[in-house]
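Welcome, and please open your viewer.

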Amino acid sequence: MLLLALDTSAAATVALLHDDAVVGRFASADTRSHAEVLAPAVHRILSDAGVAGTELDAVVAGVGPGPFTGLRAGLVTARTLGFVWGVPLYGVMSLDALAFDAAAGGAVPAGSAFLAGTDARRGEVYWAAYRAPSQPGALPELLDGPHVGSASALPGGQPLVGRAASLYPDDVDGVPSFAASDPDAASLARVARLRLLAGAPLRDTSPLYLRESDAQVPGPRKRATA
Amino acid sequence: MTTDRPLVLGIESSCDETGIGIVRGTELLTNTVSSSMDEHVRFGGVIPEIASRAHLEAFVPTLRAALDDAGVTLDELDAIAVTAGPGLSGALMVGVSAAKALAVATGKPLYAINHLVAHVGVGMVGGTFSDGLPPNLGALLVSGGHTEILRVVNIANDVELLGSTIDDAAGEAYDKTARILGLGYPGGPAIDRLARQGDPKAIRFPRGLSQPKYMGSAEEPGPHRYDWSFSGLKTAVARSVEQYEAAGLEVPVADIAASFQEAVVDIITAKAVLACREHGITNLLLGGGVAANRRLRELTGERCAAAGITLTIPAPSLCTDNGAMVAALGAQIVLDGGSPSGIAFGTDPSLPVTSVMLAEA
Ligand SMILES: [Zn+2]
């Protein structure tokens with residue numbers, strides 16, 4: 001199975017997965033240049049691997065939650081690639097990739113509950129609660145979320161993986177080895193692959209904004225009175 | 001490329017229209033537009049985040065519809081063009097990301113072009129100028145997002161900004177004034193309609209930047225000889241309404257609408273024609289969404305005729321933001337031998353008109 005995955009919910013990351021092997025990958029730490037770096041990364045990874053887009057089994061996109069503008073850059077890229085190449089397009093919640101990474105890396109005890117959290121800016125975090133699989137290499141189970149909110153309001157007593165741990169160390173019980181981690185496209189592709197192999201459903205690529213657009217309906221103009 | 005009629009697909013997403021146009025040289029094959037305007041009505045203006053969300057949802061369906069309508073495949077394209085600026089940052093980002101993905105997936109060259117110059121480039125298609133762009137060409141662009149007077153030496157590589165608004169765009173002034181008068185959004189058509197029943201001379205609203213200290217003379221131009229300012233106008237309208245209300249009188253909405261419109265159109269056309277006369281412009285293209293305005297068309301026509309300037313106004317669907325104008329300019333740049341922009345460039349929300357296209361990053 002040949003999968004191209006993109007995630008722009010935090011950093012811009014791209015990966016090409018052949019079965020369980022990562023054939024090519026790209027990650028940019030800059031969270032504000034997704035529209036610049038994404039297409040060149042896709043182009044380079046495919047040409048380095050000698051893979052044509054039409055040979056892919058699917059394009060997989062991280063659907064967030066994440067800051068709006070960056071998230072859209074990845075989603076419109078994935079949708080357009082899928083459309084032109086005529087290959088299936090799937091969405092995966094970006095926090096699932098982070099949770100899978102942590103569980104596969106043994107950062108959370110098998111069978112235990114934990115949180116995955118990323119930077120939502122404005123002093124808040126995007127987060128979801130998971131249960132680590134009892135067998136290594138299996139998918140964590142999503143228990144709750146995704147949500148956006150203050151780190152201080154997260155459910156207590158559970159370890160947290162993801163960048164939220166280094167941003168809000170006083171509010172959460174961070175897992176040190178995953179305290180600065182963002183969702184990664186290679187893990188995103190692995191999550192999609194395991195679901196596809198298991199015949200489990202995948203999401204479409206609707207973005208998980210979790211926040212409204214902040215637009216205010218203007219109130220009526222005050223009338224001057226004599 | 002072996003053709004003098006390149007097949008170019010253009011993508012526009014700088015404001016609230018998701019546009020895909022396809023041209024073959026100067027022949028227009030499709031002008032497919034999906035607008036999020038209805039979603040902005042209750043806010044009384046374009047909300048950037050809502051526009052950006054709509055671009056994401058509209059892009060692939062609009063692309064599919066455009067290809068169907070034109071009866072061409074992506075394989076047949078010679079080039080892709082996309083608006084890189086000026087415009088709303090988050091909105092531009094969607095179109096540019098999509099255009100890059102399209103370029104990667106098809107292997108076609110990508111040109112990152114200037115939205116304002118594309119408003120002029122559209123004159124190449126749809127029968128606007130049947131013999132191509134005329135010499136001594138200028139363009140007056142009036143919309144909700146911009147108000148500019150340009151001089152066009154070579155559409156593909158040499159365009160100069162003569163004047164622009166220093167605050168609100170004219171279309172924005174219409175929207176804000178319509179809100180004050182309780183006329184809804186978009187304000188342009190509503191005010192234009194009501195103005196027919198009012199007296200344009202009832203109230204003398206200010207003409208911004210028209211004082212001698214801003215204008216100077218032809219020999220010694222002042223700092224804003226060809227520039228406009230509309231922010232003072234909406235304040236003047238609000239004050240006028242308040243005066244009627246404070247006096248317990250009925251607000252003469254039609255007279256205010258007509259007088260407001262006259263102030264806007266008078267100063268736009270006076271300065272545009274002045275700029276044309278002083279820069280040897282004998283052909284003027286009127287573009288942008290507000291080019292549909294009845295009074296603006298009328299007075300621009302009168303004043304151009306009096307100054308010996310030939311006025312051309314593209315069809316309304318080519319005046320508002322659209323992808324055909326991006327494709328049309330892209331085709332001209334291809335024919336001019338311009339090098340593609342690559343796929344590493346960034347968007348530029350304040351791209352100056354002197355940058356007709358972005359060089360490879
Ligand atoms: Zn425009």
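## Stop one: the zinc site

Select His146(B): at 9% relative accessibility this residue counts as buried, where buried means under 20% relative accessible area, exposed over 50% and partly exposed in between (1.4 Å probe, protein chains only). Before going on, note that this is a predicted model, in which local features need pLDDT of at least 70, side-chain atom pairs count only at pLDDT 80 or more, and totals for chains, interfaces and linings use all residues. Residues are numbered from 1 along each chain as its sequence is written, chains are lettered from A and ligands numbered from 1 in the order in which they are written, and side-chain values use heavy atoms, with hydrogens and water left out.

Which residues of the protein are its donors? They are His115(B), His119(B) and His146(B), each through NE2, and Asp321(B) through OD, lying 2.1 to 2.3 Å from the ion. Donors here are N, O and S atoms within 2.8 Å of the metal (3.2 Å for Na, K and Ca); water is not among the atoms, so sites may look incomplete. The angles among the four donor atoms run from 90 to 157°, and the site is irregular. Four donors count as tetrahedral if all angles lie between 85 and 135 degrees; four count as square planar and six as octahedral if opposite donors are over 155 degrees apart and all others between 65 and 115; anything else is irregular.

Along the sequence, the donor residues follow the spacing H-x3-H-x26-H-x174-D. His119(B) lies in helix H4 (residues 115-121) of chain B and His146(B) in the loop between strands E6 (137-142) and E7 (147-154) of that chain, so the pair ties together parts that are 27 residues apart in sequence. Helices (H or I, at least four residues) and strands (E, at least two) are DSSP runs, numbered from the N terminus. His119(B) is buried too, with a relative accessible area of 1%.

## Stop two: a sheet and its helices

Next, colour the open sheet of chain B with the strand order E3-E2-E1-E4-E5; its five strands have mixed pairing. Two strands pair if DSSP finds at least two bridges between them. At the edges are strand E3 (27-35) and strand E5 (110-114) of chain B, each pairing on one side only. From one strand to the next, the twist averages 20°.

Zoom in on E4 (residues 79-85) of chain B, which pairs with E5(B) in the parallel sense over five bridges. Ala81(B) stands opposite Tyr111(B) in E5(B). Show H3(B) as well: this helix packs on the sheet, touching strand E1 (7-12), E4 and E5 of chain B, and its direction makes about 160° with that of E4(B). Contact means heavy atoms within 4.5 Å; axes are lines fitted to C-alpha atoms, for helices over the stretch in contact, and angles run from 0 to 180 degrees between N-to-C directions.

For the hairpin, select E2(B) and E3(B), which have two residues between them; Gly25(B) in the turn has a positive phi of about 65°. These strands pair in the antiparallel sense over eight bridges, and Gly21(B) stands opposite Asn31(B) in E3(B).

## Last stop: a second sheet

Finally, display the open sheet E8-E7-E6-E9-E10 of chain B, with five strands and mixed pairing. Strand E9 (residues 283-287) of chain B runs parallel to E10(B), joined by three bridges.
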